[in-house]
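Subject: Structure handover

Hi there,

Here is the structure I promised to pass on to you. Please open it alongside this message, and my notes follow below.

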Amino acid sequence: MNFKRRSCKRELMDDPHLDTLLLKEVYADINRVNTFLRGFSLSLQAIEKIIEENPKNSYTILDMGCGDGAMLGKVAAFFKNKPVALNLIGIDLNSKSIALAKENLKGYSNIRFLEQDILAPETTDLQCDILLCTLTMHHFDSDKIPIFLNQFIKLSRLGIVINDLQRSKLSFRLFQLFSLIFIKTKIAKHDGLVSIKSAFTKLDLVTFSFSLPNVEHDIRWKWAFRYLWIIRTNGKQLAYERD
Ligand SMILES: C[S@@+](CC[C@H](N)C(=O)[O-])C[C@H]1O[C@@H](n2cnc3c(N)ncnc32)[C@H](O)[C@@H]1O
């Protein structure tokens, strides 16, 4: 098994013909992993940090590759009793994911979901304060990543929070064990392993960061086998002016 390079294998969940009920179960598996292995809380802490650094009354938060909307649901619940107003937007390519997200979060008037491709130019209309990208970047080939990260920088006024997996033999083996107990669908078991093979080393992320000047990068390994990459974009105008 070779972990030196990112795998180009496609995930089964990206099949647009996948049955909606099955897709719902796959997201339930992903959400269980995110809850047990602290995926949600890592992104929440990063959002809280960016908000503390940039205090204001309201924030627009955009979730790229929002899936069934679970992350935005966690964001809404986390800030429910805090004195900030949130405008939350979820973007996903898959119309079935967007339908699930709308159904799951229909009680929230401050959350909306749009069916769009992260790589599509219309996304440049979506200005936000904080942009989230959780477990989605590894779905893209390496040549496409700098293209959408540059778009993300243009969209986000304060910061970008990328939360994705580490590519390593150890995490692959541990996920095989973990999935025996905690993952119910064959698709999520398969895709979890493909995800780890298509994920990133720190060197991969640092290399991407070199193609994104004029912003501040903070790339940290986090338990369990994740990278949390915060890109602070609030100084980008100043940096451009200095050029
Ligand atoms: C593994 S899921 C992650 C979902 C969610 N962010 C989470 O953390 O649970 C990856 C998501 O990215 C979406 N996706 C893949 N390619 C996309 C693209 N080109 N544009 C928008 N969404 C995309 C998929 O439909 C899927 O919902």
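What follows is a walk through the sheet, the helices around it, the ligand shell and a few backbone details. Please keep in mind that this is a predicted model.

**The sheet**

Let me begin with the strands. An open sheet is built from 7 strands, ordered β3-β2-β1-β4-β5-β7-β6, and its pairing is mixed. The edges are taken by β3 (111–115) and β6 (216–222), each of which has a single partner strand, so one side of each is left without a neighbour in the sheet. On average, and with direction ignored, neighbouring strands are turned by 15° against each other.

As a reminder, strands of a sheet pair through backbone hydrogen bonds, in either a parallel or an antiparallel way. Strand β1 (residues 58–64) and strand β4 (residues 128–134) run parallel and are joined by 3 bridges. If you want a residue pair to click on there, L62 has L131 in β4 as its bridge partner. For the antiparallel sense, look at β6 and strand β7 (residues 226–232), which pair over 7 bridges. In that pair, R220 stands opposite L228 in β7.

One helix to view together with the sheet is α3 (70–78). Helix α3 lies across β1, β2, β3 and β4, and runs at about 175° to β2.

**Helix packing**

- α6 and α7: The axes of helix α6 (residues 169–182) and helix α7 (residues 186–198) come within 10 Å and cross at roughly 165°. An angle over 145° counts as roughly antiparallel, and that is why α6 is described as roughly antiparallel to α7. Their crossing is right-handed. On the α6 side the contact is made by S171, F172, F175 and S179, and on the α7 side by K189, G192, L193 and I196. Sorted by class, this contact has 4 nonpolar, 3 polar and 1 charged residues.

- α2 and α3: Helix α2 (residues 39–53) and α3 also have axes that come within 10 Å, crossing at roughly 50°. That angle makes α2 oblique to α3. The crossing of α2 and α3 is right-handed. Here F40, S43, L44 and I47 in α2 meet M71, K74, V75 and F78 in α3. The contact of α2 with α3 divides into 6 nonpolar, 1 polar and 1 charged residues.

- α1 and α4: With their axes 10 Å apart, α1 and helix α4 (residues 95–104) pack at an angle of about 70°, which means α1 is roughly perpendicular to α4. The crossing of α1 and α4 is right-handed. T20, L23, K24 and Y27 in α1 meet K96, S97 and L100 in α4. By class, the contact of α1 with α4 has 3 nonpolar, 2 polar and 2 charged residues.

**Around the ligand**

How many residues surround the ligand, and which are the closest? There are 20 of them, and the closest are G65, G67, L93, I118 and T134. The elements giving two or more residues to this shell are α1 (20–36), α3 (70–78) and β2 (85–92). So far as the residue classes go, the shell divides into 9 nonpolar, 8 polar and 3 charged residues.

**Backbone details**

Most residues other than glycine have a negative phi, and most peptide bonds are trans. A few places in this model are worth checking with that in mind.

The hairpin formed by β6 and β7 has 3 residues between its strands, and F225 in the turn has a positive phi of about 55°. In the loop between β6 and β7 you will also find A224. The peptide bond leading from W223 to A224 is cis, with omega near 0°.

Then there is R38, which lies in the loop between α1 and α2. R38 is not a glycine, yet it has a positive phi of about 65°.

Best wishes

Technical notes
Residues are numbered from 1 along each chain as its sequence is written. This is a predicted model: local features need pLDDT of at least 70, side-chain atom pairs count only at pLDDT 80 or more; totals for chains, interfaces and linings use all residues. Axes are lines fitted to C-alpha atoms, for helices over the stretch in contact, and angles run from 0 to 180 degrees between N-to-C directions. Helices (H or I, at least four residues) and strands (E, at least two) are DSSP runs, numbered from the N terminus. Angles under 35 degrees count as roughly parallel, over 145 as roughly antiparallel, 65 to 115 as roughly perpendicular and the rest as oblique. A crossing is left-handed if the near helix is turned anticlockwise from the far one by less than a right angle, and right-handed if clockwise. Two residues are in contact if their C-beta atoms, placed from the backbone, lie within 7 Å. Ala, Val, Leu, Ile, Met, Phe, Trp, Tyr, Cys and Pro count as nonpolar, Asp, Glu, Lys and Arg as charged, and the others, Gly among them, as polar. A residue is near a molecule or strand if its C-beta atom, placed from the backbone, lies within 6 Å of it. Two strands pair if DSSP finds at least two bridges between them.
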